[in-house]
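Here are my notes on the model you sent. Please read them with the structure open beside you.

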Amino acid sequence: MRVLAAMSGGVDSSVAAARLVDAGHDVVGVHLALSKDAQQTRESARGCCSLEDSADARRVCDHLGIPFYVWDFSDRFKAEVIDDFVDSYARGETPNPCLRCNEKIKFAALLERAMALGFDAIATGHYAIIDDDGNLRRSTDANKDQSYVLGVMTRDELDRCLFPVGDTEKPQIREEAKAHGFSTATKPDSYDICFIPDGNTQAFLGRSIGMRPGMIVDQDGTALKEHDGAFQYTIGQRKGLDIRVPAADGTPRYVTDIDAATGTVTVGPRDALRVSTIHADRLKVLHPAMVGSGRDDAPTPVSAAGGEPAPSAPAGPHTFSANVQIRAHGSVMGCTAHVDIDADTMRLELDEPLRGVARGQAAVLYLPDPDGKGDIVVGSGTICGTE
């Protein structure tokens, strides 16, 4: 198989490429250049696309004896990740730029070019598993599982992806890298937003959106303080509010709502963060449970015995039970999912209330370990409202 290995310059993608070579695949390494700004690619940046990372990726490919290229995706990255990040905050949302980068760049854009060049698949160092039936499952290493950030992929994209390290725990990956002699063996994991290398998100948004004064108000509408921009706040935030007037009952205040149109930031008690229903749009379908079997836009499910197609389900809105996760490393909650593929929306009725659910986050649905092989990703949507 001819495989394009996405080389971030980290230990995971290094071992992923090595495993592909060891398996006999025809492998080519590629590093994605996501910025033309040298300030954003300096060596001290702790993102995943610095000049240092590119050099590390090249050294690994040289060591493995495979070709290495750098592809410039900076224009598309700015349009589909950075601009989306800024626009989302301007709407009062709380986006996850790394998740959007996976959706738009590391899979959609990369696959588009890879397929045009005749590659059979792309491979990354993400911690997730694709099982023998093509299902996306959680990684063996629960602490490193990245199935959540992959839940924004499409079915066609997933069918052309390989995740060679998803069945292994991180300490073993580092040992493999050490055995290969890779300099990335002891390299720390990236965690910063790569296009904000100094880590000051508020300053970046202030420059990008501009100051838009508004008011912080209590739940009864009482004005508490003027602010310089609603983008400085997120749902569930407690620290940094700098409200000098204490709550009537003396309890801490949290951000409970953001109205970007008026610049109004509402604060209230912790219990006011509780939501029982999540609304989402921009759906992605990765498993037939998302829509019910028998639909044209769903993979054809197979019955457990004999390999015969499972009974068809009627078209239209579909309801099923699942678990939902709303943050990359957040806990899961049981829910009843009401999915309408035609309307591109879903409503999730939670088994128990959740706190701190914000518009712009992804709601990724899982079938909880149906066969002892790990949770299966069903699909996802972008949160657009709560109740």
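Predicted model: local features only at pLDDT ≥ 70, side-chain atom pairs only at ≥ 80, totals over all residues.

The points below take the sheets first, then the helix pairs, then a few single residues and strands.

1. The parallel sheet. Five strands matter here: 5 strands form an open sheet, and the pairing is parallel. The order is β3-β2-β1-β4-β7. The edges are β3 (68–72) and β7 (161–162). Each has a single partner strand, so one side of each lacks a neighbour in the sheet.

2. Strand β2 covers residues 26–33 and runs parallel to β3, with 5 bridges joining the two. Within this pair, Gly29 stands opposite Phe68 of β3. On the β1 side, β1 and β2 also pair in the parallel sense, over 5 bridges. There Ala5 stands opposite Gly29 in β2.

3. Burial of β1. Which strand is largely enclosed by the rest of the structure? It is β1: 4 of its 5 residues are buried, so the strand is largely enclosed.

4. Helix α1 against the other helix. α1 and α7 (residues 170–180) pack with their axes 9 Å apart, at an angle of about 65°. That makes α1 roughly perpendicular to α7. The crossing is left-handed. From α1, the contact uses Val11, Asp12, Val15, Ala18, Arg19 and Asp22. From α7, the residues are Lys170, Gln172, Ile173, Arg174, Glu176, Ala177 and His180. By class, the contact of α1 with α7 has 5 nonpolar, 2 polar and 6 charged residues.

5. The α3 and α4 pair. Helix α3 spans residues 74–90 and helix α4 spans residues 97–116. Their axes come within 9 Å and cross at roughly 160°. How are the two helices oriented? At that angle, α3 is roughly antiparallel to α4. α3 passes α4 in a right-handed crossing. The α3 side supplies Arg76, Phe77, Glu80, Val81, Asp84 and Phe85. The α4 side supplies Pro97, Arg100, Cys101, Lys104, Ile105, Ala109 and Glu112. By class, the contact of α3 with α4 has 7 nonpolar and 6 charged residues, with no polar ones.

6. The mixed sheet. A further open sheet has 4 strands in the order β9-β8-β11-β10, and its pairing is mixed. β9 (223–227) and β10 (254–259) stand at the edges. Each of these has a single partner strand, so one side of each is without a neighbour in the sheet. From one strand to the next, the twist averages 25°. Inside the sheet, β8 (residues 214–217) runs parallel to β11 (residues 264–268), joined by 2 bridges. Val217 stands opposite Thr266 in β11.

7. Strand β16. What is the burial of β16 (residues 362–367)? The strand is mostly covered, with 6 of its 6 residues buried. In a regular strand, side chains alternate between the two faces of the sheet. Here Ala362, Val364 and Tyr366 point one way, while Ala363, Leu365 and Leu367 point the other way, and all are buried. The strand is therefore covered on both sets of side chains, as the buried state of all six names shows.

8. Partners of β16. Strand β13 (residues 318–325) runs antiparallel to β16, and 3 bridges join them. In that pair, Asn323 has Tyr366 as bridge partner. Strand β17 (residues 376–386) is also antiparallel to β16, with 6 bridges. Ala363 has Gly381 of β17 as bridge partner.

9. Phe195. Where is Phe195 found? It lies in the loop between α7 and α8 (201–209). Is Phe195 buried or exposed? At 3% relative accessibility, Phe195 counts as buried, because the cut-off is under 20%.

Key:
Residues numbered from 1 in each chain as written. Heavy atoms only, no water. Pairing = 2+ DSSP bridges. Axes fitted to C-alpha atoms, helices over the stretch in contact; angles between N-to-C directions. Parallel < 35°, antiparallel > 145°, perpendicular 65-115°, else oblique. Left-handed = near helix turned anticlockwise from the far one by under 90°. Contact = heavy atoms within 4.5 Å. Nonpolar A, V, L, I, M, F, W, Y, C, P; charged D, E, K, R; others polar. Buried < 20%, exposed > 50% of the residue type's maximum accessible area, 1.4 Å probe, protein only.
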